[in-house]
Amino acid sequence: SVCWREVPALPEQFERYLLEVGEKIRWKRARPFVMRELRTHLEEQKEAFLAAGMNERGAEEAALRDMGQAAEVGEGLDAVHRPRQQWGLAVWVLLLSFGGCLLRIILTAGAEYEAVDPMRAAAAVVLGTVLLFGMYHLDYTILARHGKAIYAAAVAAGILSLVLSPQINGAFYYTRYVVLCYPVVYAIWIGTLRGRGWKGIVLALLGGVPLAEIACIAPYTTGLLLLLLSGFAALLACGKMDWFGVGRNQTLAAVFGAGAGLSLPVLWFLCSSTAVHQRLVIMLHPERDALGRGYMGMAVRKALSQAAWLGEGRLERSNGLSLEWLLPEWDHDCFLVTIVLKLGWIPCLVMVGAAVVLFAIFLGRSMTVHNRFGRILALSAVLPLVAQGVGAVGLNLGFILTSLSFPLFSGNLHTVLTMGMMGLLLSVFRQQALPEWQLNKEDGDVKRENSTYFA
């Protein structure tokens, strides 16, 4: 909760005016902030009229006349400061989630192994729906107010998952899902450092180290790359907004300097590593790998070459093996290939196109959010989704560099987390009309910043 500093009592007619205006503002969250802004404006107007030579009573009446009729002002502010419901986008997310779930159940039914459990798939979508609307109605500014506790809990959850999680193919299974939440956790951590100067920049950079370290120990390369991508974008946004209070150019210089310091060793490793070079060769030319590591890429490309535009394709079955034996991850990472092979290119392109348009809307609106913390949070939620979508499309075309599944079509816990992230995005968009305030750490007072509502 916000701690209000004691302020001098207003004249009685100011108080009556504010009370009448406040009764017209129906959004309870916006009301105290708007009233404080209006109160400040009245005081400033009164001081201006006093400086012009008016007496106390005359200055008060002139300030009220200048503001306008209380009922009209209140109705105008109520029209501006309202939650902007996002039901259309929410329904869009639900249709894609339920459609992906239904297709996974239908297209894998009767498989010899790895058939999707209908109950588990349905439970994931139901849980994801609950999380979607829970996050949608969340006051996302609470995340910044409790950012340090959330960050500490996220690091603790990552460590605990390393201890308790089973290992599958040398990786800690549940840790990867914790790591998928780390881009947003990092944005929340940045949200606690507003106005902290150079100390804030240093703490922001150091805050990413434990998160990245857990991703490395997991090991979960995809999660690490998503964290680095979204973290760098969030810091660039901070620089553009002068989030830390040291100047835009100075912040951007620090971010680019730190980025160069981290990326140069990584680039040197990537360029000099034989394993990385071989991985890239396998991605582009899977048939060249004598050890068979390019099998998945070749299987994907072969399946796509035999698909039809509409209807089931004619997959050549070696030794009578069915699709689930010929195509690894056919029910998860390669599920788009399964859709293409069993339903045709057109149905798959329609579904992927609907998701791509949704992600584009999310990305475009995230870049224009007025609230600064909201913008950082939204970018950190949407960029990993966009990156996963792009990578998953590449994987399902046979260009396989790392494990990626298309958001909302993967099922189980991944779908739950994706729907939660989208609910957080919708929460930011829904509360776009809130004035922007910052908490002064010295005295707990709420300060106005760049407000134009009464300019």
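A residue counts as buried when its relative accessible area is under 20%. The model described here is predicted. Its secondary structure comes to 20 helices and four strands, and 49% of the 455 residues count as buried.

**Overall surface and contacts**
- The protein has an accessible surface of about 22,300 Å², and carbon and sulfur atoms account for 64% of that area.
- When contacts between residues at least 6 apart in sequence are considered, 73% of them join residues at least 24 apart.

**Helix α10**
- Helix α10 spans residues 182-191 and is mostly covered, with ten of its ten residues buried.
- The buried residues of α10 are Tyr182, Pro183, Val184, Val185, Tyr186, Ala187, Ile188, Trp189, Ile190 and Gly191.

- Trp309, Leu310, Ile346, Leu349 and Val350 make a nonpolar surface patch of about 570 Å².
- One of these patch residues, Leu349, sits in helix α18, which covers residues 345-366.
- Leucine 349 has a relative accessible area of 47%, so it falls between the 20% and 50% limits and is classed as partly exposed.

**Strand β1**
- Glutamine 167 belongs to strand β1, formed by residues 167-168.
- Glutamine 167 counts as exposed because its relative accessibility is 52%, and the exposed class begins over 50%.
- The C-alpha atom of glutamine 167 is separated by 9.2 Å from that of alanine 218, although the two residues are 51 residues apart along the chain.

Technical notes
Residues numbered from 1 in each chain as written. Predicted model: local features only at pLDDT ≥ 70, side-chain atom pairs only at ≥ 80, totals over all residues. Heavy atoms only, no water. Buried < 20%, exposed > 50% of the residue type's maximum accessible area, 1.4 Å probe, protein only. Helix = DSSP H or I, 4+ residues; strand = E, 2+ residues; numbered from the N terminus. Patch = residues over 30% accessible without salt bridge, like charges linked within 9 Å, V, L, I, M, F, W, Y side chains within 5 Å. Areas by Shrake-Rupley, 256 points an atom, 1.4 Å probe, with all protein chains shown as cover. Salt bridge = Lys/Arg side-chain N within 4 Å of Asp/Glu carboxyl O. Contact = heavy atoms within 4.5 Å.
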